[in-house]
Amino acid sequence: MESILLLLGAGILEALQPVNLMMIILGCTIGLLVGAMPGLGSVNGVAILLPITFLVPPTAAIIFLAAIYYGAMYGGAISSITLGIPGASTAVATVFDGRPLAQSGQADKALIAAAVASFIGGTISVVLFTLFAPPLAAFALKFGPPEEFALMILAFATFIGLGGDDIPKTIFSILIGLVLATVGLDIISGQPRLIFGDISGFLHGVNFLVLAIGIYGIGEMLWTLETTKGKVAVHKVQISFRSLIANLKDIKSYIATSSLGSVLGYFVGTLPAAGATPASLMSYGLAKTFSKDPDSFGKGNVAGVAAPEAANNAASTGSMLPMITLGIPGSPTTAILLGGMIIWGLRPGPLLFTEHPDFVWGLIGSLYIANLATVLINIAFIPVFVRVLTLPFTILAPIIYILCVVGGYAPTQTMHDVWLMFVFGIVGYLMRKLNYPVAPAVLAIVLGPLAERSLRQSLLASQGDMLTFVERPISGVCILIAVLLVSYPLIKKYRNKPKANT
Amino acid sequence: MTVRTAELLMGILCALCSIGLMVKSAELNIGWIEGRGPGSGAWPFWLSTGMLLASLLTLFRWFRGITPESRSTVPYMTRETLVIVSISAGSILFLLVATHLIGIYIALLLFLMFYLRFVGRHSWLLTSVLMIAIPVFVFCLFEWALKIPLPKSITEPMFYPIYDLMYS
Amino acid sequence: MSIISTKLKKTLVPAVVAVTTTLGFSATAFAEWSPKKPIELIIMAGAGGGADQIARLLQGLIEKKDLSSRPFIPINKPGGSGAEALRYLQDKAGDDHTVLVTLNSFYTTPIIQKGIGVDVTKFTPIGRMALDNFLLWVHSDQTDITDLDSYVAKVKETGKSWTVGGTGSGQEDSILTAMMEKHFDYEVTYIPFPGGGTVAKNLVGKHIDSTVNNPAEQNEFYRAGNSKPLVQFTAERLPAYPDIPTAKELGHDIEYYMQRSINGPPGMSAEAQQWYIDLFAELYASEEWQTFCVEDGLACDEWMAGDDLGAFHDVQIAKHKELIESVGASAITGE
């Protein structure tokens, strides 16, 4: 224990060196801005700046990249809240309550909640990282395909209540999301699937961002145009020191959910296959299920912003663990970080902790500092982001369309995806007018590929025996919790009913 | 077209779309392979079957008048909505087509000119400032800072001198 | 759409070029070829994999050594086991500003996915940066498996429930696995995972029984005592594994490599090809690259460029065709 504190202290001191501190501040700012753009995320920032980091010592370089990674995680919430477009899959859940808050003129409240919750998530997860890295790495190894599948079932179970009130339409929405997720190459059989019209753009599958930007960007704008008849009221926002303090005091209403979300997020993040997106969705779903006022979720509950934000930040720290101890990237960004480490001659693996403690603890120390720096930078920027909402609609709308187009292009760099996004936007809008909920489709396309792949891998390994999911202890427990979660609202309803009648 | 008709049409379209996906998935093995689990087409096939059932259920509920949409006789799209939505959708369509033909930067310029001046009725001064500034910002962010080349189509050679400045 | 734009391109491009030339910007255009815009470095695999790491290392080295006046921009096109990247290059025929970093799916994907309509022999070969090797790995707790013979005996005894992890049906390791199945006359269950790192993790977590990982993917676990190699599928023992026999030494004729090379689209101009060959030859000879090769267990002792590489590709394509035919495409896809 003492040795850990000693190493950590040295790591933090290392991170506070002028060069490294500058790297942190610069990295956080870049990450924040890149993350705030829909379609762009930490992966872009990290990938582009990777070559630049060959010019500085490895420790400074990884600190810089980690700061970008951290900053982008905070930034993801900004476009979710101000524009209503999730900038990354990790920020989808933030839209559910962030957007209604912004529309009712409380964007600053939502942004501060997101920043504070991210800070809570970041802090709890780095502390967990410091204390429990080796045992958790060992636990992560126990997660094979059956456990991953059970975890996906658990993730689906947590947001069972997110759909609309029209059940057949909700089911349709979930299923179409799952089917779209199967487009592309099936790695199990090596065969291409659902390649419509032999268009090569479908070979890389339907990217989550294409659907999300289409539906939440273009579709949402058309919807706004319709509901307001083009006379969109300019949002009134007041930013003053006093309102900032008042918003910070809100923390009481979401500190519990955020802390729970942080622990959950960190834990799910450490599992190589899962990562931050299921973590944030599960955290949102749990916050809603166990809230005293579940109906206020989706209509602008601050806890609905805080829960996923705490979880996705915690998970992004968590996904550093498999990268460092196993050499497995938990996300595309960590994949590039990993590439960077290899180029600097640092081999991630079970021995890195013992062979290069200065590097590992320097990195962990920098996470502490980066977390603090980002929350301060973020809060300082909030007035600027909120100002975006005061732009006249006829200026904001074309800017959002342009952001959608370039944001849809950036991840895969094909016009095919931009066209697909446009089609999804129009179709999503037309269906939404008929009360088809859109969120389930977006969630399904994120979790679908993981669920199908882990299911089929498990069945291959068990020679087609379905019992493998309940026989293995970890997956059995996950499935049991999932069943309890699904039945919880039903039980609650059943219990309340007789009371209402009497 | 009323909401009632739109609901019916959408239900039918969804059902047809599900059948299409089922047929497409059935090109692969949709059965259970002994000792290997489901074939590569099984997951999309059975999910599309579920989609078909869900849309049939929606149609049934339309028939019985259970959903609020199936009883609503207000127009699905008022004239006003149609105009305002198609201007936006149309201008994005133009932006995409123009990107293929003349590259994204000129397309952005024209798109912004149209939207700001003719839809938003902003002054020519504001319009020209923004229609220059936004593409320049996009260029700086994507090409220079993020190194993501955006499609330039035939206008590519116009950028050679800029690359000379950027990378020299 | 593309037809219109090419037509327009034909008429407008010379005009625009003429304008810029008269302005005196491209005065050097008639001397030696040099890139005029950023170069797309297409990777036919996802972010974080071996090919991706190599591409990003090359990009970094080019920047560090200031070898190119325009940056190289890595773009991942992993769709369809590289089918998407190959199609992309095919459609870019005649383009001088796009190059592809390859794996062996450069050979296998056009053979297995006949519909993609790509002829890789028409691509412009630039240079072969390395050959990657394969070893057979099991968890170090498998104490009763000490060499190839005991491995084969154990697999035969276990039968189909013996699981071998890999990076996807149709990928290099699935072909090698199918080769072994045929050679030793046993059957195993091949389970695909997304990426070599995940395969390695599943081996260490005992979710699979064995794998044919590249050295770079397993080396750290080997050093930590989690896994052990049994045999190498190389011509000679790798310097990093002096005690592990090759399959050939044990009398089994199984040898398999993965090439990592740089290729341009069909119809790249000869000047541009020469420029790229010079650039990558310099990178190949650099100390940084050679160190990387040694650390990653890659073989980088023979530089191969241009037509030599083209001839090498032809031999490899023929070999892969024969391999896939002999084991049967269904042995690879499992359906």
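How many bridges join strand E5 of chain C to strand E8 of chain C, and in which direction do the two strands run? Hello everyone, let me start there. Two bridges join E5(C), residues 135–139, to E8(C), residues 210–211, and the strands run antiparallel. Helices (H or I, at least four residues) and strands (E, at least two) are DSSP runs, numbered from the N terminus.

A quick word on the model. It is predicted, so to speak of a local feature we need pLDDT of at least 70, side-chain atom pairs count only at pLDDT 80 or more, and totals for chains, interfaces and linings use all residues. Residues are numbered from 1 along each chain as its sequence is written, while chains are lettered from A and ligands numbered from 1 in the order in which they are written.

Back to the sheet in chain C. Val138(C) has Ser210(C) in E8(C) as its bridge partner. The sheet is open, with five strands in the order E7-E6-E8-E5-E9 and mixed pairing; two strands pair if DSSP finds at least two bridges between them. E7(C) and E9(C) stand at the edges with a single partner strand each, so one side of each has no neighbour in the sheet. H7(C) lies across E5, E6, E8 and E9 of chain C, at about 150° to E6(C). H8(C) lies across E5 and E9 of chain C, at about 135° to E9(C). Angles run from 0 to 180 degrees between N-to-C directions, and axes are lines fitted to C-alpha atoms, for helices over the stretch in contact.

Now, where does chain C touch chain A? The contact takes 47 residues from chain C and 40 residues from chain A; contact means C-beta atoms, placed from the backbone, within 7 Å. On the chain C side, H2(C) gives the most, with eight residues. That side has 13 nonpolar, 22 polar and 12 charged residues. Here Ala, Val, Leu, Ile, Met, Phe, Trp, Tyr, Cys and Pro count as nonpolar, Asp, Glu, Lys and Arg as charged, and the others, Gly among them, as polar.

Chain A also meets chain B, with 51 residues from chain A and 56 residues from chain B. H18(A) supplies the largest share of the chain A side, nine residues. That side divides into 32 nonpolar, 10 polar and nine charged.

Finally, inside chain A, the axes of H6(A) and H11(A) come within 8 Å and cross at roughly 40°. The residues of their contact divide into eight nonpolar, eight polar and no charged.

Definitions and conventions
Contact = placed C-beta atoms within 7 Å.
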